Amino acid sequence: MNSTSRGAGPGRTEGISAESVRAAIERIADPDRAESAARYFQAGPGGYGGDDRFLGVRVPQLRAIARTARGLDRTQVAELVDSAAHEVRLAGLFCLRDGFERAAPDDVDAWAKVYLAAVAAGRVNNWDLVDSSADPVLGEWSWQRADPGVLTDFARRDDLWERRIGIIGTFAWLKHGDAQALQLVAPLVVDDRRPLIQKAFGWMLREMGKRVDGSLLLSYLDAHAAQMGRTALGYAVEHLEPDTRAHYRSLR
């Protein structure tokens, strides 16, 4: 591949490919760290990480490798995100984000479709993968289109990771000072008691209060604190004054 390949962005480093990125990650694999990571991300029987495979490479190392692959074309990025190895998928998502952010206006949709295809294939399937990509890719794409529908569609789904994508994607809107997407997602997820949904939902409510309008958070809590799960509520009130936190927690 060269810098004129379909979907390639400016600044492409010659000789970089999905295979070279994968090889760079595998060269620094650490079996002991891989075993620890598998436990941390609950990979194994009964865990939310399923049968995922870990190589034991740290996130800063993955980010550094992804930077060397800046400009990798969409086909090569999709290959990385389709890897069986968790860290290769994460590096691929870093590359996908970079490609999306650097894409020409008429190429943005194509990058978003790479992400949607990866989600549909079950490759964005742990919280770190979701949290590193749902906001800057899918959320930002939906905000640019002024259409939160893709986020509400994911939030309606029962799948843990797809629902979390719908929630975390609203972060992009909140960063733009717009609470619309979260306000639409909230009624779809408020009754879900799964910890990874609770944490994501409470986190986004907290950010709504911090980044958009504190009164929006208080209004939501006035209406829904008694309905919320304890974990979501705890995250949502985290930065409120102690007396205010205590008040809302007492409603549970």
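Residues are numbered from 1 along each chain as its sequence is written, and side-chain values use heavy atoms, with hydrogens and water left out. Because the model is predicted, local features need pLDDT of at least 70 and side-chain atom pairs count only at pLDDT 80 or more, while totals for chains, interfaces and linings use all residues. The average pLDDT (the predictor's confidence in each residue, from 0 to 100) is 94 for the chain, and 94% of the residues score at least 70. Residues 1-12 call for some care in reading: pLDDT stays under 50 there, and the model has 30 contacts (heavy atoms within 4.5 Å) beyond four places in sequence for this stretch.

The chain is divided into domain 1 (16-124) and domain 2 (134-251), with bounds that come from an automatic or database domain assignment. Their C-alpha centres lie 26 Å apart, and 12 residues of domain 1 are in contact with 14 residues of domain 2.

Leaving aside residues up to four places away in sequence, Phe-201 touches Ile-167, Leu-182, Ala-186, Val-189, Val-190, Tyr-220, Met-228 and Ala-232.

The whole structure contains seven aromatic pairs, where rings of Phe, Tyr and Trp (its six-membered ring) pair if their centres lie within 6.5 Å, and planes under 30 degrees apart count as stacked, over 60 as edge-to-face and the rest as tilted. Tyr-40 and Trp-127 form an edge-to-face pair, 6.1 Å centre to centre with 75° between the planes. This pair links distant parts of the chain, with Tyr-40 in helix H2 and Trp-127 in helix H7 (residues 127-131), 87 residues apart. Tyr-40 is exposed, at a relative accessible area of 54%, whereas Trp-127 is partly exposed at 23%; buried means under 20% relative accessible area, exposed over 50% and partly exposed in between (1.4 Å probe, protein chains only). The ring centres of Phe-41 and Phe-54 are 5.6 Å apart and their planes are at 10°, so the pair is stacked. Both Phe-41 and Phe-54 are buried, and together with Tyr-40 and Trp-127 they form one aromatic cluster.

Two polar details complete the picture. Asp-52, in the loop between helix H2 (31-40) and helix H3 (59-68), is buried at 13% relative accessibility. The side chain of Asp-52 makes a polar contact with the side chain of Arg-89 at 2.8 Å; a polar contact is a pair of N or O atoms within 3.5 Å, and within protein one must be able to donate a hydrogen and the other to accept it, with residues adjacent in sequence counting only if both atoms are side-chain atoms. At the start of H10, a side-chain oxygen of Asp-159 reaches to within 3.1 Å of the backbone nitrogen of Trp-161. Helix H10 (residues 160-168) is mostly covered, with nine of its nine residues buried.

Terms used
Helix = DSSP H or I, 4+ residues; strand = E, 2+ residues; numbered from the N terminus.
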